[in-house]
Structure formats: structure tokens, C-alpha cells
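Please open the model in a viewer and keep the selection tool at hand. The stops below proceed from sheets to helices.

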Amino acid sequence: MSGLLELREITRTFTVPDSEPLHILTGVNLSVSPGEHVAIVGRSGTGKSTLLNILGLIDKPTSGQYTLSGTDTSRLGESRRAHLRGQTFGFVFQSFNLFAHKSILENVTLGPIKVKGKRRADAERHAMELLERVGVAQQARKMPAQLSGGQQQRVAIARALAMEPKALLFDEPTSALDPEMVQEVLDVMVQLAEGGMTMVVVTHEMGFARKAGDRVVFMADGAILEDTDPDTFFTNPRHERAQDFLGKILAH
């Protein structure tokens, strides 16, 4: 399969006044094919979220090439980037970012109606199918504040799916949840993976990475040190930094 997302020697540097430049990403190479599930792991502050933002066309690399579905994104203006982002990606972040003054159903239908021009009846029918899929259809008429954190995150996943993306990007989607709510969100994500959705997931949930990931990408100091299948990563990581990371995180 050809790559849907292709990163070549990507760097991201932030300039800070009166200080040395911050090198967040250094020479990152990554390819994601349609239908793949890639889990990105590593300690906080290693550039995982920055990498995800570049993949999602939210941020631009300082140097390197990012090719998305055969298009060199470095040549695109902001309007074209925004269009391509909306046509390609669904995003699920740590915070649910639901519109507090709109019902659950309205949250899921807003994008398809306003951005894609869907008829309201069609958008609502599809939204109810998605809410059923993630297990919160019975909450459709409620407001976000009436739902638990786990339910709200599942609504956020349904909202992302409603835009019919080619890939879903998750940035630590369970980190803001109480422990008892984590599994209900992970179960939905596993179902999506089993259904063939292309997914790139920044996560601290090693069980999910091992179960649902086709590949595990381990990052440290802005670089990818391991990119391999889950069994190899969890049983025989090559890099000393990965061995140390796993030794500490799996001991808890």
C-alpha cells in the first residue's frame, strides 16, 4: 500500500526571545498507509503532540517534506491546507471540546451541515448511527454537561467520524478521564481499529498500543527511536531509551 501520510526529515523548531531555539522535532521520518493503526508513545515533552499537529496540518514543519495523499503540503496556502485538513482528518483531543450550548446531536451534525452542506435530516440520521456505534445514542438530546467524561469523549469520536475522514488523529484521548471511564473510550477505539479506520494515536495506554496498534512508534528528544510491531516493541525493544521507558511504565 502506498503511504497516505509521508514525513521525510521533518524538523520543528520554536524561536524563543533571549534564549536558544527549542528543537522539538529533529529529522522525523514516518509513513502511514491507509488502514494502519499507529500508536505513538514516549515520555511527556518528547514532541509527540507536535508531530500529530504537523500530521493534521494544524502546524507546519520548520524543514522537511510532508506529503499527504501524494500532495506536497509545503506548497499549499492556508485556505488549501484548511480544505485538505477538513477533507482528510478527524481529530480527538484530550479535552472533549464539545459546544456546551448545543445538544449532543447538534454537536455531531454541525460540521456535516455547515462544512459539507449535508441536509439536516441526512446529517441527523448519520449522527444517530454514529452515536449508536459509540454507545451513546440514548444521550442524543442531552447537553454535554449532563454526560460523564467518558461519554463526552465518545461523542467527540462520533463527531470526528461524522466528517467521514480518511484518518483519525487522537492526542492522548483518555488522559483527562477518570480511571473508570478510560476503558469505555479505549473499547470504542479498538472497535474503530478492527473496522479498518486509519488511526494515529498519541497515548500513554500501553495496553491499547499493544492490542490495537499495527505499529508502535517510540519517541524521545524529538526523534523516532523505534518504529516496529507491538510484539517486538514490548518484548524486545532495541534502543536503550525504549527499554528504560518500558521498564518504568510497565512496572506501575
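Which strands form the open sheet with antiparallel pairing, and in what order? The sheet holds 4 strands in the order E2-E1-E4-E5. Strands and helices are DSSP runs, numbered from the N terminus: helices are H or I of at least four residues, strands are E of at least two. Two strands count as paired if DSSP finds at least two bridges between them. This is a predicted model, in which local features need pLDDT of at least 70 and side-chain atom pairs count only at pLDDT 80 or more, while totals for chains, interfaces and linings use all residues. Residues are numbered from 1 along each chain as its sequence is written, and side-chain values use heavy atoms, with hydrogens and water left out.

Select strand E2 (22-32) and strand E5 (71-72), the edge strands, each of which pairs on one side only. Next, select E4 (residues 63-68), which is joined to E5 by 2 bridges and runs antiparallel to it. Here Leu-68 has Thr-71 of E5 as its bridge partner.

**The mixed sheet.** Now display the open sheet of 6 strands, ordered E6-E7-E8-E3-E9-E10, with mixed pairing. Strand E6 (89-92) and strand E10 (223-228) stand at its edges with a single partner strand each, so one side of each has no neighbour in the sheet. On average, neighbouring strands are turned by 15° against each other, direction ignored. Angles otherwise run from 0 to 180 degrees between N-to-C directions, and axes are lines fitted to C-alpha atoms, for helices over the stretch in contact. Select E3 (residues 37-41) and E8 (residues 198-202): these strands run parallel and are joined by 4 bridges. Val-38 stands opposite Val-200 in E8.

**A helix pair.** Finally, select H3 (residues 104-114) and H4 (residues 120-133), whose axes come within 9 Å and cross at roughly 125°. H3 and H4 are therefore oblique to each other; angles under 35 degrees count as roughly parallel, over 145 as roughly antiparallel, 65 to 115 as roughly perpendicular and the rest as oblique. Residues making the contact include Ile-104 and Val-108 of H3 and Ala-123 and Leu-131 of H4.

Conventions:
Contact means heavy atoms within 4.5 Å.
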